[in-house]
Amino acid sequence: MKVPRGGGRLFLATCLGSLLVLVLYFQSIARPESVVKIARRPGKSRRSPLQTLYNGDQQLDLLAAQRSLQGRRELLEQACLSQMRKRRVLSPEDLKHLIVDDKHKLLYCYVPKVACTNWKRILMVLTSDGRYTDPLAIPANEAHVAGNLRTLSEFSVTEINQRLRSYLKFIFVREPFERLVSAYRNKFTRRYNNAFHKRYGTKIIRRYRRNPKPEALQKGENVTFAEFVKYLVDPQTQREEPFNEHWERIHSLCHPCLIHYDVVGKYETLKTDAQAVLRLAGVEGMIQFPTSSKATTTDGHMVARYFKQISPFHQKKLVNLYRMDFMLFNYSTPEYLRTT
């Protein structure tokens, strides 16, 4: 049976039209999601706070503080790549310094002598469901009571991994020797720290002071900075027990090459960095980071005076002891050192 000439053309046109429809259909379903426009409610953003910080948000990207935070994170990653030869698996013991705020999805690794009392106060307010409202109304000793805040070590392995993947992780660091002198001044020159005098002072005096007086051996008071440094660099010290958290290296407390911190704040820029963290957490309008009321802050000039008591030999050993913190957090070796 013959098909009329006009009917053949009509059949061919129908086939071509069907083919074109199929091509357009498959193009539409294969189109990348990133170029498909999604209707959004006014004022809502599908971007996480971290994307807002690091992916060029028009408001935050203009601020030098946020650009500095991004630069620090990148420098830390580069330093870790150059220093870490072997990676190891974190244990719950490694996570005792990471405080968890499930409500605001925050993980904060606290470092003693780097404004950690005020950060703990902030987190107590954020996690208390109204029990606390003013950070400065919380006594310092209460902020450090175990159990007031949960740490990541208290969770199961599955819960730990979920929080490490999805929460905003931040840490605040400080020039290593300024932090060290601050710890010495606080724990060994204040009369109210009898527990530290007994626990560490008596041992330091007995081991490093020539002809100590019986009273010094009993009370452990008046440990000199030179004696404290000898205790730190003595290999026997860490063979006996781990360092106290107040002078333990930051990288040993918070494991920045194993935990990918989103924000690395610095004590030297505490006000602006703290504000950036609160903004990312979405609580900037609810709470403000407390300003320091200390009359005397341990700074580089004060540290230089303390280091005059230390021989070049022990200075060099101390630099080696804290070298990783200097390197990871981009602090320069102090000019006042005499290591040769």
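What share of the protein's contacts with a separation of 6 or more comes from residues 24 or more positions apart? The figure is 69% of those contacts. Welcome to this structure, which is a predicted model.

**The protein as a whole**
- The protein has 340 residues, and 45% of them are buried.

**Where α7 meets α14**
- Helix α7 covers residues 176-188, while helix α14 covers residues 300-307.
- These two helices pack with their axes 10 Å apart, at an angle of about 70°.
- Angles of 65 to 115 degrees count as roughly perpendicular, so α7 and α14 are roughly perpendicular to each other.
- On the α7 side, the contact is made by Phe177, Glu178, Val181, Tyr184 and Arg185.
- On the α14 side, Gly300, Met302, Val303, Tyr306 and Phe307 make the contact.
- Sorted by class, the contact of α7 with α14 has 7 nonpolar residues, 1 polar residue and 2 charged residues.

**Helix α13 and what follows**
- Helix α13 spans residues 270-280.
- Its buried residues are Leu270, Asp273, Ala274, Ala276, Val277, Leu278 and Leu280.
- After α13 comes Gly282, which has a positive phi, near 80°.

How values were computed. Residues numbered from 1 in each chain as written. Predicted model: local features only at pLDDT ≥ 70, side-chain atom pairs only at ≥ 80, totals over all residues. Heavy atoms only, no water. Axes fitted to C-alpha atoms, helices over the stretch in contact; angles between N-to-C directions. Helix = DSSP H or I, 4+ residues; strand = E, 2+ residues; numbered from the N terminus. Parallel < 35°, antiparallel > 145°, perpendicular 65-115°, else oblique. Contact = heavy atoms within 4.5 Å. Nonpolar A, V, L, I, M, F, W, Y, C, P; charged D, E, K, R; others polar. Buried < 20%, exposed > 50% of the residue type's maximum accessible area, 1.4 Å probe, protein only.
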